[in-house]
Amino acid sequence: MGEVLSRFRSPEAAASIANALPMPILLLGSQQEITYVNPAAEQFFDTGAAILLKQFINDLLPFDSPLFQLINQARERNSSAAERNVDLSTARHGERIADVTVTPLPEPEGTLVITLQERSLAQRMDRQMMSRGAVRSMHGMAAVLAHEIKNPLAGIRGAAQLIEETLAPEEREMTQLIVAESDRIRGLIDRMESFGDTRRFLRHPVNIHEVLDRVRKVAQSSFARGITIAEQFDPSLPPVAGDRDQLIQVFMNLVRNAADALPDSGGEITLTTGYRPGVKFGAPVAGERLSLPLEVTVRDNGSGVPTDLMPYIFDPFVTTKVRGSGLGLALVAKIIGDHGGVIECDSVPRRTIFRVLLPKSAGEQA
Ligand SMILES: Nc1ncnc2c1ncn2[C@@H]1O[C@H](COP(=O)(O)OP(=O)(O)OP(=O)(O)O)[C@@H](O)[C@H]1O
Ligand SMILES: [Mg+2]
């Protein structure tokens, strides 16, 4: 440790780096006692440093945890041991998967440094960055398309209407088709243009339950007529800081996708909300810690997202539907990103969940 620390002007510098890192870091002594935890590790184990520093690693994880094999391996070979997708599930914290490294330090003798990189966190961040990138590349394209297509399209539509006036009513089917399809393309381009909309929106405290109720009512009176939409709401949910209309658009898109995926009978959509003040993770910027305690999910028991499509569903133009634009989820990801939240999807046939995590409205204490 001394050698490592000597690269810094002060030992505090080393500690402050560990403190700032978003991944949980622990030091273990030769008796498996915990000798250091950074704030991310406190959060990961949902326990303060004062208590953790009185514990042994065996107190935190079940005796058959695969982490112990890594620890033994690192001690035996006196070299770093790493493994991806290690199961760190506990009764207390539920299911958790992390990439783990265990590295011996030269001193104090027998010290190991353990780093954890929670899997779902890494995946959430990837997904978020990916859809943001895709959306950014659409800004320019949307502007060009809007300009190059909308104007000639208006001309085509107008010409069809003029021709229509000269036709007998029974011959108007084709011109009506031209008008209807022109309107559809125009609608598509309008939706693309909304990606280019980089205006900062004003955030107000929004009651998500009111948003979801509204979405459910509209859905059930139109595309989801006859489909059961159940609600499991957490009454303690505080307001989210956001734009009500945009949030309605988000959940309308998710519910519409769910409805599209349902079988002809026995289909069900469930909307849930939950308040999880413990859910925090390191933001990709400047060590700032992100708290996304509001969880809203849209679940359906439909066909499920095809596995090969899964990595791309938030990309624009990805669709399996004959008349789909593939913009629904791209827009959802953009709006959730603008709200400082993340969205992720888990899907197997008969159980597809879109999970949206959002920050609470400013002024509300976590
Ligand atoms: N709940 C779901 N169940 C199964 N597949 C889904 C679900 N939600 C989305 N998908 C898949 O993801 C694709 C992309 O969805 P997205 O909403 O972006 O576009 P779309 O619904 O096809 O078209 P649009 O929303 O523009 O009408 C869908 O075509 C579908 O294959
Ligand atoms: Mg859609």
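1. The second largest pocket of this predicted model has a volume of about 870 Å³. Of the 31 residues lining this pocket, Asn257, Asp260, Thr319, Lys321 and Gly324 are the closest to its centre. The search uses a 1 Å grid over the protein atoms alone; a pocket is an open set of points with protein on both sides within 12 Å along at least five of seven lines, unlike a cavity, where a 1.4 Å probe fits but cannot get out, and lining residues have an atom within 4 Å of a point. Grid points are joined across faces, edges and corners, and the volume is the space filled by probe spheres set on them.

2. Residues are numbered from 1 along each chain as its sequence is written, and chains are lettered from A and ligands numbered from 1 in the order in which they are written. Local features need pLDDT of at least 70 and side-chain atom pairs count only at pLDDT 80 or more, while totals for chains, interfaces and linings use all residues; side-chain values use heavy atoms, with hydrogens and water left out.

3. Helix H8 (173-196), H10, helix H11 (328-338) and strand S14 (351-358) each supply at least two residues of the pocket lining; H10 gives the largest share, 7 residues. Helices (H or I, at least four residues) and strands (E, at least two) are DSSP runs numbered from the N terminus. The lining divides into 11 nonpolar, 13 polar and 7 charged residues (Ala, Val, Leu, Ile, Met, Phe, Trp, Tyr, Cys and Pro are nonpolar; Asp, Glu, Lys and Arg are charged; the others, Gly among them, are polar).

4. H10 also packs on H11, at an angle of about 145° and with the axes 9 Å apart (axes are lines fitted to C-alpha atoms, for helices over the stretch in contact; angles run from 0 to 180 degrees between N-to-C directions). From H10, the contact (heavy atoms within 4.5 Å) takes in Gln246, Gln249, Val250, Asn253, Leu254 and Asn257, and from H11 Gly328, Leu329, Leu331, Val332, Ile335 and Ile336. By class these are 7 nonpolar, 5 polar and no charged residues.

5. The axes of helix H9 (residues 208-220) and H10 (residues 244-261) come within 9 Å and cross at roughly 50°. The contact of H9 with H10 has 11 nonpolar, no polar and 3 charged residues. On the H10 side, Arg244, Leu247, Ile248, Phe251, Met252 and Val255 take part.

6. Arg355 is placed in strand S14. Its C-alpha is 6.8 Å from that of Glu295, 60 residues away in sequence. Leaving aside neighbours within four places in sequence, Arg355 is in contact with Glu295, Val296, Thr297, Val342, Ile343, Glu344 and Asp346.

7. Two backbone points deserve a look. The peptide bond from Glu107 to Pro108 is cis, with omega near -5°, and Pro108 lies in the loop between strand S4 (97-104) and strand S5 (112-118). Gln32, not a glycine, has a positive phi of about 70° and is found in the loop between strand S1 (25-28) and strand S2 (34-37). Most residues other than glycine have a negative phi, and most peptide bonds are trans.
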